[in-house]
Amino acid sequence: MTDTLPDRLSTNPKSPHYDEALLQRGIGIRFDGQEKTNVEEYCVSEGWIRVAVGKTVDRKGNPLTIKLKGTVEPFFETKS
């Protein structure tokens, strides 16, 4: 397994940017210097993350998200 993270990753299995092996390993996101735990998708090169808006869902049951722009730093979470 490589120690590099992709430029873009999603937690939605329907997305072409979904990677189950990486998500099981544990990915953390620092956005503008703060760790975020509710990130649905990120893109490092374009500088944005998608986060869920509360517990609100659309008519298909998917969480509503908002795109935030800033500095995105993905990292592997350490197991303790």
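This passage describes the fold and selected residues of a predicted protein model. Local features were taken at pLDDT of at least 70 and side-chain atom pairs at pLDDT 80 or more, whereas totals for chains, interfaces and linings use all residues. Residues are numbered from 1 along each chain as its sequence is written, and side-chain values use heavy atoms, with hydrogens and water left out.

The protein chain contains one helix and seven strands, which follow the order β-α-β-β-β-β-β-β from the N terminus; these elements are DSSP runs numbered from the N terminus, with helices (H or I) of at least four residues and strands (E) of at least two. Along the principal axes, the C-alpha atoms fill a box of roughly 40 × 25 × 25 Å. Of the 80 residues, 26% are buried, with buried meaning under 20% relative accessible area, exposed over 50% and partly exposed in between (1.4 Å probe, protein chains only). The chain exposes about 5,700 Å², of which carbon and sulfur atoms supply 48%, the areas coming from the Shrake-Rupley method with a 1.4 Å probe and, for residues, only the protein chains shown counting as cover. Among contacts (heavy atoms within 4.5 Å) with a separation of 6 or more, 49% join residues 24 or more positions apart.

Ser-10, in strand β1 (residues 8–10), has a relative accessible area of 3% and is therefore buried. Its side chain reaches the backbone nitrogen of Asn-12 at 3.1 Å. Beyond its neighbours within four places in sequence, Ser-10 is in contact with residues including His-17, Tyr-18, Leu-23, Glu-40 and Glu-41.

Glu-41 belongs to strand β4 (residues 39–43) and, at 13% relative accessibility, is likewise classed as buried. The side chains of Glu-41 and Arg-8 make a polar contact at 3.0 Å; such a contact is a pair of N or O atoms within 3.5 Å, of which, within protein, one must be able to donate a hydrogen and the other to accept it, and residues adjacent in sequence count only if both atoms are side-chain atoms. With neighbours within four places left aside, the contacts of Glu-41 include Arg-8, Ser-10, His-17, Trp-48 and Arg-50.

Arg-50 is located in strand β5 (residues 48–57) and counts as partly exposed because its relative accessibility is 26%. Besides Glu-41, Arg-50 touches residues including Asn-38, Val-39, Thr-65 and Lys-67, when those up to four places away are not counted. Ile-66, another of its contacts, is 16 residues from Arg-50 in sequence, with 5.4 Å between their C-alpha atoms.

Two charges sit over aromatic rings, a relation that requires NZ of Lys or CZ of Arg within 6 Å of the ring centre and within 35 degrees of the ring normal. Lys-67 lies over the face of Trp-48 at 4.6 Å from the ring centre, and Arg-30 over that of Phe-75 at 4.3 Å.

Asp-32 occupies the loop between β2 (27–31) and β3 (34–36), and its relative accessibility of 47% makes this residue partly exposed. The phi of Asp-32 is near 50 degrees, a positive value in a residue other than glycine. Most residues other than glycine have a negative phi.
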